[in-house]
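Please have a look at the structure first, and then I will walk through a few parts of it slowly.

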Amino acid sequence: MNQITKEMRDLARELLASGEVKGLIGWTKGSRWYLTPPVVITQPEEAEQLYFDQFAVNNLTGLLLDYRYGDDKIALFVKGCDSRGIVRLLQDHQIKRDNVLVIGVPCMGMSDKKAVTDPRQPAELPLLDKCLECRYPNPVIADRLISGALVSGEPSEPKGLTASEAAKRGVGSKQADRFAQVKAIEAMSADEKYAFWQAQHEKCFRCYACRNICPACNCRECIFESDKKGWVNKSATPTDNAFFAVTRAMHVAGRCVECGECERVCPMDIPIMALNRKVIQDINELFGESDAGTDLDGKMPLGLFKNDDPEEFM
Amino acid sequence: MKRIGVFVCHCGSNIANTVHCEKVAQVAKDFPGVVLSTDYKYMCSEPGQVMIQEAIREHNLDGYVVAACSPRMHEPTFRKCAARAGMNPYMVEQVNIREQCSWVHADKEKGTEKSIDLLRMGVAKVVKNEPLYSTTIPVTKRSLVIGGGIAGIQAALDIANAGYPVTLLDREHTIGGRMAQVDKTFPTLDCSACILTPKMVEAAQHPNIELMTYAEVEAVDGFVGNFDVTIRKKARYVDFDKCTGCGACTEKCPKKVPSEFEMELGVRKAIYTPFPQAVPNKPIIDANHCRYLLDGKCGICKKVCPTGAVDYEQKDELIMERFGAIVVATGFEQFDISAYEEYGAGKIPDVITGLHLERLMNASGPTAGKIKRPSDGKVPEKIVFVKCVGSRDEAKGRPYCSKACCMYVAKHATLLKEKMPNSKSYIFYMDVRTPGKNYEEFYARTQNEYDAQYIRGRVSKIFQVGDKLIVRGEDSLLGRPVEIEADLVVLAAGMDPRSDAKDLARTLGISYDQHGWFTEAHPKLQPVETHTAGIYLAGACQGPKDIPDSVAQASAAAVKAAGLLSKPELTSEAMTALCDEAICSGCGLCQSICPYKSIEIKSVNERYHGQMRQRRVSNVNQGLCQGCGACTVACPSGAMNLKGFTNDQILAEVDALCQR
């Protein structure tokens, strides 16, 4: 058992035994060596189920939405990228600050299980692209910290117990490439772009995994499941899928916290983050650089009215 | 299905020249819901409107579409027309086939096709229109006038005389503004103070006017009829309730400071009233220069004050007041001549501006009305005026004419000749502009009776030789260079907007042009209104103006303000945002984006799995909402909808467009 897992279990046991929290969301050892899925526990003795390793990639913050109308205090573990989801939910007033206990963990970078060749044979796997591009390896918000994790609201180097391991694995080594795919697509001709996206949208079968994992997708009633037909159809045709993709991107415009989970969970490998990043790039150009979900008191560029907002379209 | 009427307007030949109106009306007959479609020469005319009203009754219409000019032009007309026939006015859609079609296209076939498309969209939309109703909001029967120059004073007096309370606010500690600095006024040569001071006193004593000097607008919330204005009352360090204005403090104060009022040609004290006729005529302490406030030493004013009015502990005070209407009369700044290095401006002491000369001429000015040049106090004989300094000069970013300079230069030349018969004025000009009553006559007298020599041409350089100023320029009428050895040069500096005008505009939510002049709602037909209802403009803050124009505009703005205040209540916008509480997730994005602060988050109880639970939802204040729609686009859930422009209606339009 690794040190982080041990500290997780100890803290979880303590929090649940003392009654400080009613439940706790973490990760557990999965059925295969490369699986570390989420788990919700409510009893101190269940703390033994918790587990953390380089496959604990799931952003757990979206699960808090299940508790948004309750008054139970829930604890959950966050890596740097996940923690911005907490800020998202707080800024969107979906959870109450007092009803969540955020536990920050250090992150060594998450491995890409799509690179698994033999499901029976553990092997060294490359980092996920989103971890190579990571700019916030440390939690931006936390009430408790374990294993030397540190809170940082600014882009920073990995800290804590796994700092050197993270550095060795190359966490954040490709930060500069964050907008590379956006630039590549921007360089295409209109026809090429259309062909590119059409090919992507043909793959989508509307499983909504991207929506379900996203902490910014926190509407009470998702428009894609609304009975108000018209704007978008549920059928998985390329046209409707394109509409779905663009609508989803616009719904999280200015609110996407770049955890990259949408793209990771997509079973069809659609480059969903390219669209999110295009919006982020445009917002940065129009309203100045900012990172959504890093500053709880910060105002969202698209959530604010200013008389001197750029309005070159007028 | 609703019963829809379609009325296609020819607008004389405005539309009919580029659009086959009959054909458009014919095609529209087949649009879903249309039971009547017709065309007419002028729909907005009386017979046109009667035709529509008869059709509404005869065909029992639920709604109608008029294809005509821009809704900006005639939407109110056609809404009223519907109301007269008993139809809810919001069951009308106006399709713009003039500005957006006939005026911008030349090909009649294509224009017709486009008109049909636009009309099909309009019909698709109106089918989904719902009757809307406006509510009423109360009007706070008080007005705020920002700026206490002649325009502000006039506006305040007119509103007060109409019977409404006015707060006259000035950031300086006296009202009077620029006009108080002026010596005499054209074209009658009245002494400026003699006609201004009675008005200042009248404003101060008027039972309906509250004078609030040395105060600035900090923030403006709310909307027409009910503006909540936060005002910063700056610390004066003198308790005006105790001060009698005896002047002992000013006399004894050891600190001398160049007087802003005297254009720094004279001095004032650190505790001072800027000029003898100031209103209120009580001193304040200039915290930037007071020795006691800066280093805690001195305190003489406090010692000599017989009533104990000096209070070094005074702090700025923030107050919030509610006003129904606001008149902005913040005036202008004189252009900073130091931009003209070639004229030695700002470097040669005897190159001065018009306002400097006003103070030199004024009997209560620093020289007691004797014209003495600033450098050595010598009485000048040859005076050169250079016009259009900081006006009509693209290179200096001032393409506009400052309007008052031609006349004030003529006035100066006249007055100089009167004061000093041996003097001679030379006036370099580009054009002489005298479009005012008795202005041209005044200008003619300046030339013919007062011997001013007008030289058409621009001055290229001014420099010092000994105690003379060499003015080198060109006489473009004679086509040869001229050089004049002058004793004094007066640059007729133009008008600039207040350097912080843009900040005030943002605070008030009004617009300004590229230079910083506040923008009127319409250059011809709404010259004193702003685009923000309930806020009006008076005087030079809207653009360069002389005194008669400023006063006239002030009275116009006052009538607008009083007209607003005279209404028992205001009708609120009917096309407002509405939140679908079932969908709203209470994220509050709409609240932070709302420019009118009309959205609040409220808590609703709902039954969920047998238990009551509370959750947050947005609530739009229907009185404050102006229907801008910012919240509807910000809302991630689509819970926010703009009545009259619902997502459904817009979708119907898009669908209709795609159906061609």
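Before anything else, one term: two strands are said to pair if DSSP finds at least two bridges between them. Strands themselves (E, at least two residues) and helices (H or I, at least four) are DSSP runs, numbered from the N terminus. Please keep in mind that this is a predicted model, in which local features need pLDDT of at least 70 and side-chain atom pairs count only at pLDDT 80 or more, whereas totals for chains, interfaces and linings use all residues. Residues are numbered from 1 along each chain as its sequence is written, while chains are lettered from A and ligands numbered from 1 in the order in which they are written.

With that in hand, let me start at strand β18 of chain B, residues 325–328. Strand β6 (residues 143–146) of chain B pairs with β18(B) in the parallel sense over four bridges, and there B:Ser143 has B:Ala325 as its bridge partner. β18(B) also pairs with strand β29 (residues 535–537) of chain B, again in the parallel sense, over three bridges, with B:Tyr536 as the partner of B:Val327. In a regular strand the side chains alternate between the two faces of the sheet.

Stepping back to the whole chain, chain B has 18 helices and 34 strands, and 47% of its 660 residues are buried. Its domain assignment, which is automatic or taken from a database, gives domain 1 (4–127), domain 2 (143–331 + 500–565), domain 3 (334–496) and domain 4 (577–643).

Next, a sheet in chain B: in what order do the five strands of the open sheet come? The order is β20-β27-β21-β22-β23, and the pairing is parallel. At the edges are β20 (351–353) and β23 (453–456), each of which pairs on one side only. Inside this order, β21 (residues 382–389) is joined to β22 (residues 424–429) by five bridges, and B:Val384 has B:Tyr426 as its bridge partner.

There is also a hairpin in chain B, formed by β25 and β26 with four residues between them, and B:Gly479 in the turn has a positive phi of about 70°. Strand β25 (residues 468–475) and strand β26 (residues 480–486) pair in the antiparallel sense over seven bridges, and B:Glu474 stands opposite B:Pro481.

Finally, let us turn to chain A, where the axes of helix α6 (residues 190–203) and helix α8 (residues 238–251) come within 8 Å and cross at roughly 100°. The axes are lines fitted to C-alpha atoms, for helices over the stretch in contact, and angles run from 0 to 180 degrees between N-to-C directions. α6(A) and α8(A) are therefore roughly perpendicular to each other, since 65 to 115 degrees counts as roughly perpendicular, under 35 as roughly parallel, over 145 as roughly antiparallel and the rest as oblique. Among the residues that make the contact are A:Trp197 of α6(A) and A:Ala245 of α8(A), contact meaning that the C-beta atoms of two residues, placed from the backbone, lie within 7 Å.

Technical notes
A residue is buried if 20 or more other C-beta atoms lie within 10 Å of its own, exposed if 12 or fewer, and partly exposed in between; C-beta atoms are placed from the backbone.
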